[in-house]
Amino acid sequence: MRLTGGFGQYVPVSSPVHLMDARAKMGLVALFTAGIFLVDDHVGLVVMALAVGVAVQVSRVPWRIALRGIKALTIILAFTLLAHALRWNPATVTLVRIGPLGVDGPGLLEGIFFATRIMLLVVGTSLLTLTTTPVQLTDGLEYVMRPLRVVRFPAGEVAMMLTIALRFIPTTAQEAEKIMTAQAARGARFDEGGPLRRAKAFVPVLVPLFVNLFRRAEELAVAMESRCYRGGEGRTRLNVAVMRPSDWAALVLGGALVIVIGIVL
Amino acid sequence: MIEIGQVTFVYPGAERPALDGVSITVAPGECVALLGSNGSGKSTLARMCNALLVPEIGTVMVDGMDTRDHDAIWRIRSRVGFVQQNPENQIVGTVVEEDVAFGPENLGVAREELRTRVDAALAAVGLDGLQRREPHLLSEGQKQRLAIAGALALEPAYLVLDEPTAMLDGIGRAEVLAVLRGLRATGVGVLHITHRLEDVSDADRMVVLDRGRVAFDGTPDELLAAPRHAAVLGLDLPPMTVLVAALRDAGIDIPPGALDAETVVDALWR
Amino acid sequence: MALIAHRLGYTYGRNTGFAVEAVRDIDLEVAPGMLVLVAGTTGSGKSTLLRLLAGLLEPGAGSVSVDGVAPSAREARGAVSIVFQNPESQFFAETVLADVAFGPRNLGAGDPDSEAAQALAAVGLDPQAFGDRSPFTLSGGEARRVAIAGALAMRAPYLLLDEPTAGLDAAGRRDVVAAIVREREQAGCVVVTHDPEEFLAHADYVLVLAGGTSVFAGPVASVYERANEYLAAGVRLPELVRTQLLARARGADLPRMELDPTAAAGALVRSAREVSR
């Protein structure tokens, strides 16, 4: 497995954060999100940033990967900065002036505050997917969705669907590659012409991919029925995630910390 | 005992029945080979054994349970394991052990026993140690053995395999056949559907289907002694079987089921 | 006029820590009219060799040339056709004819449908009967042959096939072997297989790979003379051939290796009677 992944993709190193129960992490992320929106001044933000920094360090995820999400958001961040920083005919001392628009000290600080808040949110929440495997996430999600069964929401079945989708991602990717190579060997070109032409060139790849997907689904359904799958009710699990005292401690303390920071600072 | 009695089945819109008055039995511990060319009804019959399909005429009984009995379906499916042709499309789990556990998990088996069953099933197919492996990293032969393990984890009394080696290369085929041979000692009744005669030359009984009807039901020796009959039925005859038949015609005394060079040459030199 | 590999080598992931040498020091020469078998177990490098010959991979060492130029060069476009494993999983068109015509259409042929019809006939499928059918309704053997027709329609002088009979029943395999044998009249064919038995009767040359290198190479007739070498290379000899070799070892006079069981039976009975006299 490569250490470099797409934005937010699981990084397979070992750390206390990786070993934490997925549900505790999901809970922490929720509390962190609440906390960070409660922060209303710069000191609070700096303390939050320190907290996030400590979390990244403890997770042993390489910093350049942890910060990758920021790169994708450059435009939004710039826009946020400007939206807060630019003033119309500011009365105070300005740092920059372009016609009627100006950037002054307080405006700039405000812009930095909001932009930084977005950055912290991105880095903090991406830690969840960086340290938790898709399977752990799916299991955690099923647990969280369980109360919805009261309103007839098929939590178990949805989780099974997600698991199967995850299981078949590498397989489907391999298959797509094979089909593309085969069609290329028959002279198909995927890099010629404008966007419309290129999209049409993918039809000979997408059609067989979908046909095979349906065939696959049918055979899989037969296999599942043959192995007595009747939906999510009554199923036991081989590997069940258990919340350990350390998970509870992390959740409660970490959660309390971010809420306190938010309220006090 | 799996008892298929005078079963007739027609697919919607089909011109002729896929199965027409077919009767076959599989006793506990018995290995029955089901042969026939494409369109003979082999796959349809396989799906009758675990109530995926139910007959229009006739009955299919599994240890006394009727496959048409809705209440018995899940007990039947835990009694009859089913393995299909394509290894890839039977694997549900994201890692090997989770996939093997899928069946007993559905039955609500307690967690400690799940672990025991998973490890036992993996050992039975020679995949012990690969518990945490991701399926897409397995060879085709390993994937098919994983599918077999998934069926064995239900602790079935019977195992129905629909062309289990059709999509495998020589190595994968040898691995799967070795596993099936090993299973015979455990008392599991096996219905092995295939078009390759040499894969099932050591079966207890061979049944040949031809256009939905039973054209032969007897021992392998009886079938191999009449290779022209087998060829007419569209069976994939190993060249050695044709050779042995020609030699027997010329008066040489060789057992009709002989498939190896040594036996033939020894017989010639006597 | 030939497809030539000279001291061919290829390593996957060469500059990473996970380099795998898939092919090493392979020589091969294929001319139109020849049928070459490349045998070996999974992982022996057969598929990589095929991709190198098709120009889909650039050689890491040595060279591949088709009539003097690299197969990936623009001048060589359409010179080498390749049929991958399970090619029927790439069908996308509504009719068989349209799918087979895809290749010639991409290459700019004047009348792709006509080329497609001819290719279908070449694999033993009547274009009138099969042309309008959906490719998704065909039997295993028919689908395989339609996919092969898709490659034949491009009229390349060299045809590479990766396990063309894998997964088919006896009838399907017979039809595919017949189609390839017919095609070798026009094109130089390289068939990769882990089970060379069914092609042995028709092939001119055998190359056996193990671990990426050649462990046996020579005309098919030499397979029988050098049987021990062939076996040591890890390829199973047809049991029928082994029987005759064993008989020879015991003194039987079998001048020719018979690949048809009935003919072999006759020869064996005659020679056994000679020996016992």
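Predicted model: local features only at pLDDT ≥ 70, side-chain atom pairs only at ≥ 80, totals over all residues.

Me: Fine. What's the secondary structure of chain A?

Reply: Chain A has twelve helices and three strands.

Me: Is chain A a compact globule or more spread out?

Reply: More spread out. Its radius of gyration is 24 Å, while the globule rule gives 18 Å for 265 residues. The value for chain A is well over the rule, so the chain is more spread out than a compact globule.

Me: What does the C-alpha trace of chain A span?

Reply: About 75 × 60 × 40 Å along the principal axes.

Me: And how much of chain A is buried?

Reply: 26% of its 265 residues count as buried.

Me: Switching to the contact between chains A and B. How many residues does each chain give?

Reply: Chain A puts in 26 residues and chain B puts in 33.

Me: Which elements of chain A give two or more residues to that side?

Reply: α9 (155–185) and α11 (203–226) of chain A. The one that gives the most is α11(A), with eight residues.

Me: What's the makeup of that side by class?

Reply: On the side of chain A that touches chain B, twelve residues are nonpolar, six are polar and eight are charged.

Me: Pick a residue there. Where does A:Val222 sit?

Reply: In helix α11 of chain A. Leaving out residues up to four places away in sequence, A:Val222 touches B:Leu52 and B:Gln84.

Me: Why does A:Val222 count as partly exposed?

Reply: Because A:Val222 has 18 other C-beta atoms within 10 Å, and buried takes 20 or more.

Me: Now the cores. How many residues are in the largest nonpolar one?

Reply: 100 residues. Those with the most contacts inside that core are C:Leu53, C:Val100, C:Leu160 and C:Val190.

Me: Which helix gives the most to it?

Reply: Helix α5 of chain C, residues 140–152, with seven residues.

Me: And what does C:Val100 contact?

Reply: Setting aside neighbours within four places in sequence, C:Val100 is in contact with C:Ala116, C:Ala119, C:Leu120, C:Val146, C:Ala149, C:Gly150 and C:Ala153.

Me: What other core lies apart from the largest one?

Reply: One of 78 residues. Among them are B:Val22, B:Ala51, B:Leu107 and B:Val176.

Terms used:
Residues numbered from 1 in each chain as written. Chains lettered and ligands numbered in written order. Core = buried A, V, L, I, M, F, W, Y, C linked by C-beta atoms within 7 Å. Buried ≥ 20, exposed ≤ 12 C-beta atoms within 10 Å, placed from the backbone. Helix = DSSP H or I, 4+ residues; strand = E, 2+ residues; numbered from the N terminus. Contact = placed C-beta atoms within 7 Å. Nonpolar A, V, L, I, M, F, W, Y, C, P; charged D, E, K, R; others polar. Rg over C-alpha atoms; globule rule 2.2 N^0.38 Å.
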